[in-house]
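Subject: Structure handover

Hi,

Here is the structure for your files. My notes follow below it.

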Amino acid sequence: NWALILSLRAGAAGDAASAGPAGAVAPGAGAPTQAPLDRAAELTLASLDALRQEHAFSFLARGLGFLGEVAGLRGDPLGAARLLGLSHQLRESIGTRPFGADAARLARVEPKLRKAVGDAVFEAAFQEGTGLDWTDEVDRLLEGWTPGDLDRVLRGATGSPATIEARSAAPGAVASAPLPLGPDPAPDGTNPELRILTLGPFELEGTGVEAGSWSYARPRELLVFLLLHPRGATRQEIGEAIWPDATPPQVKNSFHVTLHHLRKRLGDPGWIVLEQERYLLDRTRGLEWDAERFEASVRGVLRAAEPVDPGLLEGVLAEYRGPLLDGVGSARWLEDARDHYRRLYLDGLAALARIHEARGDTEAALGAWSRVVATDELNEEAHRGLMRGWAGSGARERALRHFERLRGILSETVEADPEAETIRLGNSPRG
């Protein structure tokens, strides 16, 4: 994931660096304008193998989509369309959308790709991409790949006969010159995208975002508090949460200092607005927040009428990199929020375990239940799942030992006995 993030940063730098006064580069402009994008593509390819082993589908979709953009910018619009179609299909399968920065970049690039070959031809190749098997395509991209071999890797000539025929017939489709690069500047010269990662290590990305480490924790806490309160909060409400023991004058001073630091980090004071005495983030500007996306994905899985593919669910769960704002702050409101997302993660893991059980994959079910127990030692459903799995695979003594261990944990931790269902299973673990 880190390699992919670095690649996208490099690509954004190349995108911006290559923009001329009109936001475009003439075809055939030399290597310096292409080099950052090529470096970004190399880093993306390097990350794909690890991402597929983790079933990190959101990041796989992001990487494949970026490679599609680079393929188009290198003069292969149809190969680009296929990769973009595959990226779209992967996102659709797990119910996610492109990150704000990715969507904005694609909105600049895709019209140029369509213009190069015509809408009908581009759409045919895109639809072909939606039907690709992502594992086969990643295998193709990585097969024999070595740094500096982007032309072979990214060319789309391995498409179907229909796509290859369309390629040869499409005007401009085989041009070797890259397409125009660079953003189309907004009227005010700003780029209204912001991407925030708060599940696990904190990360902030966006045009104008101030680089470097955060000098202290309060600006991050304020940002997360505003993310958790999309309708905003008054200074008093924020002060009671973040500075509960401070006097009103102390809260006033601390709040405005913290707000100043946060606005500086975001790179644009307009990200935080004041409406009717309530401070809130301007979400109309393309803000993306991993915790919000994670919750929507998990709830979509839990509401699904049919069990989802376990590999896709693993991709959703991979977005949970750790507790909310891990290692920063311990206020009650923050701990409550951490528990909320932790519960969503556990619900998703339990759903994954039940799917594996329904498929008869005992080993995978045991692995999922073990991950639940590792996160929540008092989760009796997960302990029962372990007991069922071991008993069903012939390890009845292990199931019985685990029941006794659970009994001890509950007695020492909460001074309680196991639930009746757990006791029945412990007395007859084959059930």
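Start with Phe225: it is buried, at 4% relative accessible area. Buried here means under 20% relative accessible area, exposed over 50%, and partly exposed in between (1.4 Å probe, protein chains only).

Some ground rules. This is a predicted model: local features need pLDDT of at least 70, side-chain atom pairs count only at pLDDT 80 or more, and totals for chains, interfaces and linings use all residues. Residues are numbered from 1 along each chain as its sequence is written, and side-chain values use heavy atoms, with hydrogens and water left out.

Overall picture

The protein chain has 19 helices and five strands. These are DSSP runs numbered from the N terminus (helices: H or I, at least four residues; strands: E, at least two). Of the 431 residues in the protein chain, 48% are buried. Take contacts (heavy atoms within 4.5 Å) between residues at least 6 apart in sequence: 71% of them join residues at least 24 apart.

Aromatic pairs

There are six aromatic pairs in the structure. Rings of Phe, Tyr and Trp (its six-membered ring) pair if their centres lie within 6.5 Å; planes under 30 degrees apart are stacked, over 60 edge-to-face, and the rest tilted.

One of the pairs is Phe225 with Trp333. Their ring centres are 5.1 Å apart and their planes stand at 90 degrees, so this pair is edge-to-face. Phe225 sits in helix H10 (residues 218-228) and Trp333 in helix H15 (residues 332-358), so the pair ties together parts 108 residues apart in sequence. Trp333 is buried too, with a relative accessible area of 14%.

Trp289 and Tyr341 also pair edge-to-face, at 6.2 Å centre to centre and 75 degrees between the planes. Trp289 is in strand S5 (residues 287-289) and Tyr341 in helix H15, so this pair links distant parts of the chain, 52 residues apart. Trp289 is buried at 3% relative accessibility. Tyr341 is buried at 4%.

Ring pairs also join Phe294, Tyr320 and Tyr345 into a cluster.

Arg285

Arg285 is in the loop between strand S4 (278-281) and S5. Buried or exposed? Arg285 is buried, at 15% relative accessible area. Arg285 lies over the face of Trp271, 4.3 Å from the ring centre. The test for a charge over a ring is NZ of Lys or CZ of Arg within 6 Å of the ring centre and within 35 degrees of the ring normal. The Arg285 side chain also reaches the backbone oxygen of Gly270 at 3.4 Å.

Glu69 is in helix H3 (residues 57-73). Glu69 is buried, with a relative accessible area of 5%. Leaving out residues up to four places away in sequence, Glu69 touches Leu84, Arg105, Leu106 and Val109.

Leu106 comes up again at the second largest pocket. Of the 18 lining residues, those closest to the centre of that pocket are Ser87, His88, Arg91, Pro98 and Leu106. H3, helix H4 (77-94) and helix H5 (100-117) each supply at least two residues of the lining. On a 1 Å grid over the protein atoms alone, a pocket is an open set of points where a 1.4 Å probe fits, with protein on both sides within 12 Å along at least five of seven lines; lining residues have an atom within 4 Å of a point.

Leu197

Leu197 lies in strand S1 (residues 194-197) and is buried at 4% relative accessibility.

Best wishes

Conventions
A polar contact is a pair of N or O atoms within 3.5 Å; within protein, one must be able to donate a hydrogen and the other to accept it, and residues adjacent in sequence count only if both atoms are side-chain atoms.
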